[in-house]
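Okay, thanks for making time, everyone.

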Amino acid sequence: MAGVSLITGAGSGIGRQTAISLGQAGDAVAVADINAAAAQRTADVIVGTGGIAAAYELDVADPTAVGAAVGTVVGDLGPVERAVNLAGILGFSDIERITDEDWARMMAVHAGGTFHVCRAVLPGMVERRRGAIVNAASVFALRGQPGAAHYAAAKAAVIAFSKSIAREKAPFGVRVNVVSPGPVDTPFFGRGMTGDELDAARRERAKTIPLGAIARPEQVSAAIVFLLGEGAAHMTGQVVPVDGGETMR
């Protein structure tokens, strides 16, 4: 690879690992995250190993900010050829206790954020007749999840949106795919847990996974990098679970 990649949610977890992997593959990486310090730390790792990267503070739920950020990235690094939408939030609550604000924020970050970034980068990709986008869903979107209906619904919206623009933009050489992770051993997974609680949660969750373990960030980022590259040149509109076999049919 040699071009410009924009990664949202790149301050930690899967996004951080994806940004680092793309930097190692030769891309100039726009590292975007709502946490500016975390984005800068990821960019520093890429630059420290000889790559090219710049950090951007970004709330993907803000369409004006997304448009401005993409314009800045183009000015700083060049046209965006690859985009990965990994920014996200997670919340658990029974349906009766999901507030209007909870629902709206979940949709704004996942469905809205993915839409805002894609809308901003697609015109340049269409004009150049090439580009690749990977959006993030979840196994929850494929099978549903008690206690997280708003999160599952937002991720399902990402899948339908991605398939739609994959069909729309295929004639222009632009590919759009979805990666659908199961549980991944990131700060997102272990938020608010003590060390013992986290170990217990890993063991309990692994019982539902045929391969017997939750994923590591680099296992998901490897699938993302593949979907962005030439090896996946004939793939678009696909949902690729990286879940240890949990949702196999």
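So, which helices and strands each supply at least two residues of the lining of the largest pocket? They are α1, β2 (28–33), α2 (36–48), α4, α5 and α6.

Quick housekeeping before the tour. This is a predicted model, where local features need pLDDT of at least 70 and side-chain atom pairs count only at pLDDT 80 or more, while totals for chains, interfaces and linings use all residues. Residues are numbered from 1 along each chain as its sequence is written, and side-chain values use heavy atoms, with hydrogens and water left out. When I say helix or strand, I'm talking about DSSP runs numbered from the N terminus: H or I with at least four residues for helices, E with at least two for strands.

Back to that pocket. The space search runs on a 1 Å grid over the protein atoms alone: a cavity is a set of points where a 1.4 Å probe fits but cannot get out, a pocket is an open set with protein on both sides within 12 Å along at least five of seven lines, and lining residues have an atom within 4 Å of a point. Grid points are joined across faces, edges and corners, and a volume is the space filled by probe spheres set on the points.

The largest pocket comes to about 1100 Å³. It has 44 lining residues, and those closest to its centre are Gly88, Leu90, Tyr151, Thr186 and Phe188. By class the lining holds 24 nonpolar, 12 polar and eight charged residues.

Okay, on to α6, which runs over residues 149–169. At 1.5 Å times one less than its number of residues, the 21 residues of α6 should span 30 Å, and the end C-alpha atoms are 30 Å apart, so that agrees. Its buried residues (buried is under 20% relative accessible area, exposed is over 50%, partly exposed is in between, with a 1.4 Å probe and protein chains only) include Tyr151, Val158, Ile159, Ser162 and Ile165. They pack against α4 (100–128), β5 (131–136), α5 (139–143), β6 (174–181) and β7 (239–242).

Let's zoom in on Ser162. Is Ser162 buried or exposed? Ser162 has a relative accessible area of 1%, so it's buried. Contact, by the way, means heavy atoms within 4.5 Å. Not counting residues up to four places away in sequence, Ser162 touches Asn135, Val176 and Val178. With Asn135 there's also a side-chain polar contact of 2.8 Å. That term means a pair of N or O atoms within 3.5 Å; within protein, one must be able to donate a hydrogen and the other to accept it, and residues adjacent in sequence count only if both atoms are side-chain atoms.

Follow that to Val178, over in strand β6. Val178 has 2% relative accessibility, so it counts as buried too. Beyond its neighbours within four places in sequence, Val178 is in contact with Asn135, Ile159, Ser162 and Val240, among others.

Over in helix α1 (residues 13–24) we find Thr18. Thr18 is at 0% relative accessibility, and so counts as buried. Its contacts outside four places in sequence are Ile7, Val84, Leu86, Ser221 and Ile224.

Last stop, the loops. Arg129 sits in the one between α4 and β5, and its phi is near 65 degrees, a positive value in a residue other than glycine. Most residues other than glycine have a negative phi. Gly78 is in the loop between α3 (63–76) and β4 (82–85), and is buried at 12% relative accessible area. From Gly78 to Met248 is 170 residues in sequence and 40 Å in space, C-alpha to C-alpha.

That's the tour, thanks.

Note on methods: Nonpolar A, V, L, I, M, F, W, Y, C, P; charged D, E, K, R; others polar.
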